[in-house]
Amino acid sequence: MSATSEIIYNLINSFNEIDNNIATLLYAGIATDTNCFYRRVNSNTMKIASELLKYDIDSTNIKILTLTQSKFL
């Protein structure tokens, strides 16, 4: 797994409990852990991210915020 959120995704998805808010948080977690998909990314990471995008999340804003915050760490 590239991100802790991938593990959480698999758990929550097994109960069919993902909604827009959860999808946003999981996507943000993956974006943060992978430095916006630049590090430690594998095919499973991209598959999960693709599934989360189906919930109409604001991925562009998440990426901007992730990149902005990483400059201060």
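**Figure 1. S5 in helix α1.** S5 is part of helix α1, which spans residues 4–14; helices (H or I, at least four residues) are DSSP runs numbered from the N terminus. This is a predicted model, in which local features need pLDDT of at least 70, side-chain atom pairs count only at pLDDT 80 or more, and totals for chains, interfaces and linings use all residues. Residues are numbered from 1 along each chain as its sequence is written, and side-chain values use heavy atoms, with hydrogens and water left out. With a relative accessible area of 9%, S5 is buried (buried means under 20% relative accessible area, exposed over 50%, partly exposed in between, with a 1.4 Å probe and protein chains only). When neighbours within four places in sequence are set aside, S5 is in contact with L26, G29, I30 and D33 (contact means heavy atoms within 4.5 Å).

**Figure 2. Helix α1 against helix α2.** Two packed helices are described by the angle between their axes and the distance between the axes. The axes of α1 and α2 cross at roughly 155° and come within 8 Å; axes are lines fitted to C-alpha atoms, for helices over the stretch in contact, and angles run from 0 to 180 degrees between N-to-C directions. This makes α1 roughly antiparallel to α2 (angles under 35 degrees count as roughly parallel, over 145 as roughly antiparallel, 65 to 115 as roughly perpendicular and the rest as oblique). From α1, the contact is made by T4, S5, E6, I8, Y9 and I12, and from α2 by I22, L26, G29, I30 and D33.

**Figure 3. Helix α2 against helix α3.** Helix α2 (residues 20–33) packs on helix α3 (residues 43–53) at an angle of about 150°, and their axes are 9 Å apart. The two helices, α2 and α3, are therefore roughly antiparallel to each other. Residues A23, L26, Y27 and I30 of α2 make the contact with T45, I48, A49, L52 and L53 of α3. Sorted by class, the contact of α2 with α3 has eight nonpolar residues, one polar and no charged ones (Ala, Val, Leu, Ile, Met, Phe, Trp, Tyr, Cys and Pro count as nonpolar, Asp, Glu, Lys and Arg as charged, and the others, Gly among them, as polar).

**Figure 4. The two faces of helix α3.** T45, I48, A49 and L52 of α3 are buried. They cover an arc of only 100° around the axis, which puts them on the same side of α3; the arc is that of the directions from the helix axis to the C-beta atoms. What covers these buried residues of α3 includes α1 and α2. The exposed residues S43 and K47 are on the face of α3 turned away from its buried side.
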